Amino acid sequence: MAQATVHGEHEPTTTGLNHRKMLMWAFLGSDCMFFGTLIATYLVYKNRSIAGPMPEDVFSIPVTTVSTFVLLMSSMSMVLAYAALTRNSMKTFRIWLASTAILGMTFVGFQVFEFTVFANHEVVVKCADVGVVELTSVERKVAEKCGTADEHDGKVEETVGLTPRTNLFGSTFFTLTGFHGAHVSLGIVWLLSLFFLSFKKGGVTPEKNLDVDLAALYWHFVDIVWIVIFTVVYLFGVFPGF
Amino acid sequence: MTQEHSEEVHTGHPTPLTYFKVAMILSVITAIEFGIFYVEWIGHAIIPILTILSVAKFMLVVMFYMHLRYDRVSISILGKDFPIFSLLFVGGLVVSAGVVFALMGLFEFFTG
């Protein structure tokens, strides 16, 4: 028989625990499984694409590292917003909360930029490099145009965009990162709601800090999911042989 | 006992300075991940190295920012206390990891 041993400041419940917080942790646990299946699907299908582009053709690790840093810093500003609220410093709370939302929007901006670049990915191959330099599968395909009417100034080029319909890598990659981006976008709406609500009398108060605590837990969760995606999808994705 | 530490003990949550320090550690680890990625002679050893660094970042956020290190809300099951929020989250995480490895095994990811 389960029995709660700690009582917080909340309405009486059958377990003695705060049900909203319990629900949030249960949701985060289940969301782990959701992203786990998406990551597994990505890994399983990554090397089974018949045609390119492949991860090494499109990923830009420096750009993704910067967007990762932005999301990590948003986690810091979120936790500082919560700390400010518990200290009854509403002005500081609003500054940190707005910073978190802005950093979140910057991250989504990076993702939109990345998706656009992937969709319009252009491959240029110097025909003199064929057989000399190691080419990727997509570059080899474009290089087949060398010696034809498509060759100009010793080069051939072709737009080989990556979309969800291009190959298995594209389908699984966009599904995984798209769902993560949707989570971040939802989080931004949540944070902005709290920000505007904080101007209403009694909307967001230190006594009702659980409202912000739950939003913070959600925000940190999307951060840790990205930590895994950055390593498994991006860094391992470009590493040959994984 | 330092003032910062005593405040931690009193409120049950870290101080803003601790949050800042954690953010700096996270930034440094991300920079190391980025740097290591371009060191070619490491070879396949890069996979366990990056995994460890990623797990470290994951743990730092979960323990300090999500406050699981300070999870004192326990539930008593058969006379034994368990931190309930950690149990809910880690439970989901373990099932998730199981699903990932089961799917990878099922689709011959490890055997090629």
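A crossing of two helices is left-handed if the near helix is turned anticlockwise from the far one by less than a right angle, and right-handed if clockwise. The views below show a predicted model, in which local features need pLDDT of at least 70, side-chain atom pairs count only at pLDDT 80 or more, and totals for chains, interfaces and linings use all residues. Residues are numbered from 1 along each chain as its sequence is written, and chains are lettered from A in the order in which they are written.

**View 1. Packing of α6(A) against α7(A).** The crossing of these two helices is left-handed. Helix α6 (residues 168–197) and helix α7 (residues 210–238) of chain A pack at about 155 degrees, their axes 10 Å apart; helices are DSSP runs of H or I with at least four residues, strands are runs of E with at least two, and both are numbered from the N terminus. Axes are lines fitted to C-alpha atoms over the stretch in contact, with angles from 0 to 180 degrees between N-to-C directions. The angle therefore makes α6(A) roughly antiparallel to α7(A), a term for angles over 145 degrees. The contact (C-beta atoms, placed from the backbone, within 7 Å) includes A:F173, A:H180 and A:W190 of α6(A) and A:D211, A:W219 and A:I229 of α7(A). By class, 15 nonpolar, 4 polar and 1 charged residues take part; Ala, Val, Leu, Ile, Met, Phe, Trp, Tyr, Cys and Pro count as nonpolar, Asp, Glu, Lys and Arg as charged, and the others, Gly among them, as polar.

**View 2. The contact between chain A and chain B.** Chain A gives 42 residues and chain B 44. On the side of chain A, β1 (2–4), α1 (19–46), α3 (61–86) and α7 each give two or more residues, and the largest share, 13 residues, comes from α1(A). This side divides into 29 nonpolar, 12 polar and 1 charged residues.

**View 3. The largest nonpolar core.** Such a core is a set of buried Ala, Val, Leu, Ile, Met, Phe, Trp, Tyr and Cys residues joined through C-beta atoms within 7 Å, where buried means 20 or more other C-beta atoms within 10 Å of a residue's own. The core has 75 residues, and A:I39, A:V79 and A:A81 have the most contacts inside it. Helix α7(A) supplies the largest share, 19 residues. Not counting residues up to four places away in sequence, A:I39 touches A:L176, A:V228, A:V232 and B:V100.

**View 4. The fold of chain B.** Its 4 helices and 2 strands follow the pattern α-α-α-β-β-α.

Methods. Angles under 35 degrees count as roughly parallel, over 145 as roughly antiparallel, 65 to 115 as roughly perpendicular and the rest as oblique. Two residues are in contact if their C-beta atoms, placed from the backbone, lie within 7 Å. A residue is buried if 20 or more other C-beta atoms lie within 10 Å of its own, exposed if 12 or fewer, and partly exposed in between; C-beta atoms are placed from the backbone.
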